[in-house]
Amino acid sequence: MTHHIRQPLFRSILFVMGAILPIAALMLVITPSTIRAQALFTHNSNAPVSFDAGRIELQQRQDRVVLSGGADLQQAGLRLRAARVTVAFSDVGSTDISRIDAVGGVDISKGDTRAQGENAIYDLNRRIITMIGNVRLNRGGDTLTGERLTIDLTTGVSSVDGRVGRSGSGAGASNQGRVSGSFAVPQRGDAQDAPQ
């Protein structure tokens, strides 16, 4: 009779372990660094945009505003800084922003995610940020560099395309047409025991 009691108990333990192990494995995959990397994915592109600049020029006929002299825009924790920013509106007389174009030392950041480049286009309707020209993307300890960066705020997918048109010799010649970068690796165990 003891044998019959142990078998259902053993099955119950297996059942519980079968339910717990996938959850534990998922918890290992979703680490704080994975969540931090999603800072832009969770961005609210419908939030109001505030700005600060040295100069503002309203171009009513073109349905846009030009900010210059160190423009600094913020939207729900996302910060965009550039030498010059053009804000385009959806319709004549509307204040609904459809697109933001930034040029000159563009720096976009939110949380531990930071992207830098020469130019950027933020399409609010499509929820896509595109940066062009000597692009650098930092997320936590990870770094990617290339010529073009596309961040899809809907899917959370960021892609970097390689450098184009670099020629000759020098530090960047080996990366012609390629993406380069580094990924941080979490320290595991005792570093002294690792093979050299």
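**Ground rules.** I note that this is a predicted model, in which local features need pLDDT of at least 70 and side-chain atom pairs count only at pLDDT 80 or more, while totals for chains, interfaces and linings use all residues. Residues are numbered from 1 along each chain as its sequence is written, and side-chain values use heavy atoms, with hydrogens and water left out.

**Overall layout.** I read two helices and 10 strands in the protein chain, these being DSSP runs numbered from the N terminus (helices H or I, at least four residues; strands E, at least two). Along the sequence I wrote down the pattern α-α-β-β-β-β-β-β-β-β-β-β. Of the 196 residues in the protein chain, buried ones make up 32%. I also looked up the accessible surface, which is about 12,800 Å² for the protein chain, with carbon and sulfur atoms supplying 55% of it; such areas come from the Shrake-Rupley method with a 1.4 Å probe, and for residues only the protein chains shown count as cover. Taking contacts (heavy atoms within 4.5 Å) between residues at least 6 apart in sequence, I found that 35% join residues at least 24 apart.

**Core.** In soluble globular proteins, nonpolar side chains tend to be buried together. I therefore looked for a nonpolar core, defined as a set of buried Ala, Val, Leu, Ile, Met, Phe, Trp, Tyr and Cys residues joined through side-chain atoms within 4.5 Å. The largest one holds 26 residues, and V85 and M131 touch the most other members. The elements that give two or more residues to this core are β3 (64-75), β4 (78-89), β5 (97-110), β6 (113-123), β7 (128-139) and β8 (142-152), and β4 provides the largest share, six residues. I then listed the partners of V85, leaving aside its neighbours within four places in sequence: V85 is in contact with V65, V66, L67, A71, L73, L80, I100, D101 and A102.

**Salt bridges.** I searched the whole structure and found seven salt bridges, each being a side-chain nitrogen of Lys or Arg within 4 Å of a carboxyl oxygen of Asp or Glu. D72, with which I opened, pairs with R79, and the closest N and O atoms are 2.6 Å apart; R79 counts as partly exposed at 29% relative accessibility.

A second pair is R81 with D107, where the closest N and O atoms are 3.7 Å apart. R81 lies in strand β4 and D107 in strand β5, so this pair ties together parts that are 26 residues apart in sequence. D107 is buried, with a relative accessible area of 6%, whereas R81 counts as partly exposed at 30% relative accessibility. I also noted that R81, D107 and R114 are linked in a network of salt bridges.

The side chains of R99 and D101 meet in a further salt bridge at 2.8 Å, N to O. R99 is partly exposed at 35% relative accessibility, and D101 is partly exposed as well, with a relative accessible area of 24%.

**T42.** I found T42 in the loop between α2 (32-36) and β1 (50-52), where T42 is exposed, with a relative accessible area of 56%. The C-alpha atoms of T42 and T154 are separated by 8.2 Å, although these residues are 112 residues apart along the chain.

Methods. Buried < 20%, exposed > 50% of the residue type's maximum accessible area, 1.4 Å probe, protein only.
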